[in-house]
Amino acid sequence: MGLRRLRAVTEVLPGFSTGSALSHDPAGTHQLVQSRHLKPGLPYHFQPEDAVRFTPSLVVERYLLRTGDVLFMSRGTRNVASWLASIPHPSLAAPSFYIVRPGPELDSSYLCWYLNQPAMQRQLTEIRTGAGAPIIQRSAFQELLIPVPSRHEQQRIGALGELMAREQLLLRELERTTDTLHD
């Protein structure tokens, strides 16, 4: 296992700039994946209720999302990642994301897990710039180091990470339900 710079094992692309606020157009040609659709650390599976269809004026093919891409929230103070397990084609990511496309050495679930780990989150805090609207610059993000174990080990870690994220989600849901019942 060696440490590699993200730029060496991924392609990092910006999300699609829509230019203005969008509303759902059922006749739209493209799906827009937004932060409200994702749960950090968990794979995203498109659901019909997530539909935000629109027709962009121009689309560059390389910015179209693919299954296995990792969406990383580049703006704000909550810089978390989720990976795309199933999405309709064609889909684009909101501009608040980086599209992190793993190369052949990286498993999507492992990359997602690693980006959400406390040690990486501390590094992200250190490279975040801007006071009013904090952002992680793509150039700094691509320079971060990631350990790259064997593909088999990555898959095991990614699967365990997803189970842990699901457990946290269920525990929060149980706590909310318990509070509601107590009230």
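Which residues is F141 in contact with, leaving aside its neighbours within four places in sequence?

**Entry 1. F141 and its contacts**

I note at the outset that the model is predicted. I looked up F141 and found it in contact with L6, V12, F72, Y98, V100, L115, L124, I127 and I136, its neighbours within four places in sequence being left aside. I then checked accessibility: F141 has 0% relative accessibility and therefore counts as buried.

**Entry 2. Aromatic pairs**

I searched the whole structure for aromatic pairs, and the search returned seven. I examined the pair formed by Y98 and F141: the ring centres are 5.8 Å apart and the planes stand at 35°, so the pair is tilted. The reasoning rests on the cut-offs, since planes under 30 degrees apart would count as stacked and those over 60 as edge-to-face. I recorded that this pair links distant parts of the chain, with Y98 in strand β9 and F141 in helix α4 (residues 138–142), 43 residues apart. Is Y98 buried or exposed? I found 7% relative accessibility for Y98, so it counts as buried. I also noted that F72, Y98 and F141 form one aromatic cluster.

Separately, I looked for a charge placed over a ring. I found R62 over the face of Y63, at 5.8 Å from the ring centre.

**Entry 3. The five-stranded sheet**

I traced an open sheet of five strands in the order β2-β9-β6-β7-β4, with mixed pairing. I identified the edge strands as β2 (10–14) and β4 (43–45), each of which pairs on one side only. From one strand to the next, I recorded an average twist of 30°.

I next followed the pairing strand by strand. Strands β6 (residues 70–73) and β7 (residues 81–86) run antiparallel and are joined by three bridges. In this pairing I located L71 opposite S82 of β7, and I found A81 of β7 to be the bridge partner of F72. On β4, I found three bridges to β7, and here the two strands run parallel. P43 has W83 in β7 as its bridge partner. I also checked burial in β7, which is mostly covered, five of its six residues being buried.

The buried residues are S108, S109, Y110, L111, C112, Y114 and L115.

I placed G103 in the loop between β9 and α2. Leaving aside neighbours within four places in sequence, I found G103 in contact with V9 and T10. I also looked up G103 against D50: they are 53 residues apart along the chain, and their C-alpha atoms are separated by 28 Å.

**Entry 4. Nonpolar cores**

As background, I recall that nonpolar side chains tend to be buried together in soluble globular proteins. I looked for the largest nonpolar core and found 23 residues in it. Those with the most contacts inside this core are F72, V100, L111, L115, F141 and I146. I listed the elements that each supply at least two residues of this core: α1 (6–9), β6, β7, β9, α2, α3 (118–127) and β12 (145–148). Which element gives the largest share of this core? I found that α2 does, with five residues.

Apart from this core I recorded another, of 19 residues, including V33, Y44, F54 and L84.

**Entry 5. The three-stranded sheet**

I traced an open sheet of three strands in the order β5-β3-β8, again with mixed pairing. I recorded β5 (53–54) and β8 (91–93) as the edge strands, each pairing on one side only. Between β3 (residues 30–33) and β5, I found two bridges, and these strands run antiparallel. I located H30 of this pairing opposite F54 in β5.

Technical notes. Residues numbered from 1 in each chain as written. Predicted model: local features only at pLDDT ≥ 70, side-chain atom pairs only at ≥ 80, totals over all residues. Heavy atoms only, no water. Pairing = 2+ DSSP bridges. Helix = DSSP H or I, 4+ residues; strand = E, 2+ residues; numbered from the N terminus. Axes fitted to C-alpha atoms, helices over the stretch in contact; angles between N-to-C directions. Phe/Tyr/Trp six-rings, centres within 6.5 Å; stacked < 30°, edge-to-face > 60°. Buried < 20%, exposed > 50% of the residue type's maximum accessible area, 1.4 Å probe, protein only. Lys NZ or Arg CZ within 6 Å of the ring centre and 35° of its normal. Contact = heavy atoms within 4.5 Å. Core = buried A, V, L, I, M, F, W, Y, C linked by side-chain atoms within 4.5 Å.
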